[in-house]
Amino acid sequence: MDCYTILLVDDEEDVIQAIMKKIDWEGIGFSVIGYACNGVKALEMVEEFQPDVVMTDIRMPYMDGMELSSRIKAEFPAAKILFFTGFDEFEYAKEAIHLEAEEYILKPVNALELANVFTQLKKKLDQEISEKRNVEILKNYYLESLPLLQADFYNALIEGRIHEEEVPKYLSDCQLSFPGPYFCCLAVHTSSSQVPDGMDPVLVAASVQKQVKERLAPKWRAYCFSYLGNMVLIAQLHQETEVSGLTDDCDRFCRYVRRMVGAVVTVGIGQVCANILSLAQSYGSAREAVSYRAIFGACRAINHNEIVPQEAGNAGPVDDTALTELFKMVRLGSTEDVTAAVDRYLHQTFVSQTSLQQHHICIMELISAYYRFSVNHDIADGDFTGDIKNLYGSLLDMEPDVLRGWLVSTSLAFREKLICARSRSTQSFVAKAQEYVHNNYADEQLSLDCICAFLGVSNSYFSTVFKKETGHSFISYLTDYRMDQAAALLIGTTEKSYRIANKVGYTDPNYFSYVFKRRFGVSPSKYRTEHTESKR
């Protein structure tokens, strides 16, 4: 990494400006991504930009530097912290050491001293990156593997080849334990085409596997193994609802390895199950979730239950490779992909027919498969909601070209309805969130976690959908709505500012005034005066 990012935090803007001008940041390998005048704003910027280094003052309004650093270390442990302050007190120095700060620098800051500090810090960051990308380390790790017995058990488990009566012996022989009580398969896909220059894709994938075992597996009591070119995790949950937190952890992991290793990783989260013998279905849904990166993008976690329409029945697809691929293209592919899949299916299924009876059977299977697909994905289609017998007779009489035209048009119609269903789902999803804000904005505890718990989805998925539909982050939307309500109360009532602050969810009047001025450019009292006078 040639250039590292830094965020400056101080309530004295002239101090920040002086630091920015005194140091040749680019020359020492750093880039200042911005600055904040208090800990609350700094934490928002850290969450958005994830800087490599945060250089912060200690004494600041709303949230001091110590609390800010503690929050950063808890949520972004890779970030480096530097304190600079005018308070040369032993207790601060002890707390800085406890928070694993890189330096404790006293004001006024000497430019040469500060440049030396960052020069040494860059060497440390370079060394950490180098260790993660060191080819010899990757090669040595790649030669290691899980015990063969365990690998065979994992593979058989997600392939559905283990019977219930065999489970105790397998667990005993492999020295494994699955306390659960809930389980979930994760499919980790590492791109082989998007890798750092000069790096072997195989070695990059090996590095990702190492990071998975270090950062994801311990927290979720997960077993890790390779399967069909991807890494698979069997995670264990205490409650079904923990899958939202698991999704958020995986989302943060994808962004972490992108920055630290240069790998483009997508994690698919499968359905939660209460029996390890159901992990085959969980793995299948995890693999399908990974394939949705074509819609939602890579470098993120994708939860199957959040992006695939909920099934209304239990019917499964026909056990036919070409037909299964066709349904996959209906869900994920373009118009050209669907047409090509239809041609492959017709060629494989109908060209090789040798009897009229075989043709009849194929038509019945085709109708049954499309009927199950329409029911499972809640698709209303005239051909499958009417008389199936008439449809069967009609298809039997069709010539090959006519049958192809019907199958192409039906498949494309299903594809469009799925796209519309997904669009309506996300729009309804956002509308519910907005309505919840309108009804609960006065609650000071209202947060991203609250709205996600209300909707039953992960933070990462909700944030992506909400910003895509509204153009704003949820916190930005909530803040703007509260400020609009506050502005209306200032103009329409004579209540004191601190009471209005409490009515729109702020217990700290000073922080309310700060946010209000950031939104409207003037203090609440001046806003009231200006708008009251304009009405006279």
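## Where H22 meets H24

In H22, Thr479, Asp480, Met483, Asp484, Ala486, Ala487 and Leu490 touch Phe512, Val515, Phe516, Arg519 and Phe520 of H24, with contact meaning heavy atoms within 4.5 Å. Sorted by class, this contact has eight nonpolar, one polar and three charged residues (Ala, Val, Leu, Ile, Met, Phe, Trp, Tyr, Cys and Pro count as nonpolar, Asp, Glu, Lys and Arg as charged, and the others, Gly among them, as polar).

This is a predicted model, where local features need pLDDT of at least 70, side-chain atom pairs count only at pLDDT 80 or more, and totals for chains, interfaces and linings use all residues. Numbering starts from 1 along each chain as its sequence is written, and side-chain values use heavy atoms, leaving out hydrogens and water.

## Helix geometry

Helix H22 (residues 474–492) and helix H24 (residues 509–520) pack at about 95 degrees, with axes 10 Å apart. Axes are lines fitted to C-alpha atoms, for helices over the stretch in contact, and angles run from 0 to 180 degrees between N-to-C directions. Helices are DSSP runs (H or I, at least four residues), as are strands (E, at least two), numbered from the N terminus.

## The sheet

Five strands form an open sheet in the order E2-E1-E3-E4-E5, with parallel pairing; strands pair if DSSP finds at least two bridges between them. E2 (30–36) and E5 (103–106) are the edge strands with a single partner each, so one side of each has no neighbour in the sheet.

Strand E1 (residues 4–9) pairs with strand E3 (residues 53–56) over four bridges, and Val9 has Thr56 in E3 as its bridge partner.
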